[in-house]
Amino acid sequence: MRNTCWRVITGAPCSGKTSVISELARLGYRVVQETARAYIDEELERGRDLLQIKADPLPFERMILNRKIEIESALPDSEIIFLDRAIPDSIAYFELEGLDPEEPRSKSREFRYASVFLMDRLRFETDRVRTETDRMAATLDRLLETSYVELGYPVVRVPVLSVKKRCRFILDIVQGRSNDGFL
């Protein structure tokens, strides 16, 4: 197992992960954007539609899992890096699709993240990439937390705040400062 200094930002669709990751990047932190969204955007640019891209859940979820593994394998362990989702997120997505989660579960044991932040959900909105419903988002929220907890991570819930305050909440924890003023 590789012990890392990486921080995972996870949460259901429409929880503000991408906004927080973008703000952390603006503040000068190294970030890794969400793999699934990047892959879907690439495929849409190639002329495929969302139904074609996600037509068969197992190859789609495996593609995302393998891309996460490839990306994370190339990252330096000792650098603080914020990940918009990480390998264990695939456990939740496999389960949501009714697939056997053993493959992502075993791959999740290859890395140890320094901390996991689960974003509390915001008002649900759709976009050109998001296919989940509000109900699915609620289920994913629960599955994501369970996936990380079962791997032995203390999951820190990030409350609904402005993007800047959410970043400050996360950075205070990363830097060992109290964030009692946020709650």
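How many aromatic pairs does the ring rule give in this structure? The count comes to six. Before we look at some of them, a word on the model: it is predicted, so local features need pLDDT of at least 70, side-chain atom pairs count only at pLDDT 80 or more, and totals for chains, interfaces and linings use all residues. Residues are numbered from 1 along each chain as its sequence is written, and side-chain values use heavy atoms, with hydrogens and water left out.

**Aromatic rings**

A pair of aromatic rings is described by the distance of the centres and the angle of the planes. Here, rings of Phe, Tyr and Trp (for Trp, its six-membered ring) pair if their centres lie within 6.5 Å; planes under 30 degrees apart count as stacked, over 60 as edge-to-face and the rest as tilted. Two of the pairs are set out below.

| Pair | Centre to centre | Angle between planes | Class |
|---|---|---|---|
| Tryptophan 6 and phenylalanine 111 | 5.6 Å | 35° | tilted |
| Tyrosine 39 and phenylalanine 60 | 6.0 Å | 50° | tilted |

To place them, you need the elements: helices (H or I, at least four residues) and strands (E, at least two) are DSSP runs, numbered from the N terminus. Tryptophan 6 lies in the loop between β1 (2–3) and β2 (7–10), while phenylalanine 111 belongs to strand β5 (residues 111–112), 105 residues apart. Tyrosine 39 is in helix α2 (residues 35–45) and phenylalanine 60 in helix α4, 21 residues apart.

Tryptophan 6 is buried at 0%, and phenylalanine 111 is buried at 2%. Tyrosine 39 is buried at 9%, and so is phenylalanine 60, at 8%.

Tryptophan 6 and phenylalanine 111 also belong to one aromatic cluster with Tyr113, Tyr148 and Tyr153. Over the ring of tyrosine 153 sits the charged end of arginine 112, 3.8 Å from the ring centre; this requires NZ of Lys or CZ of Arg within 6 Å of the ring centre and within 35 degrees of the ring normal. Arginine 112 and glycine 152 are 40 residues apart along the chain, and their C-alpha atoms are separated by 9.7 Å. Glycine 152 is found in the loop between α7 (134–150) and β7, and is partly exposed at 46%.

**Helix and sheet**

Five strands form an open, parallel sheet in the order β3-β4-β2-β6-β7. Its edge strands, each pairing on one side only, are β3 (30–32) and β7 (155–158). Two strands pair if DSSP finds at least two bridges between them; β6 (residues 115–119) and β7 have four. Leucine 118 stands opposite arginine 157 in β7.

**Cysteines**

How many disulfides are there? The count is zero, where a disulfide is a pair of cysteine sulfur atoms within 2.5 Å. Cysteine 5 is partly exposed at 28%, whereas cysteine 14 is buried at 13%.

Notes:
Buried means under 20% relative accessible area, exposed over 50%, partly exposed in between (1.4 Å probe, protein chains only).
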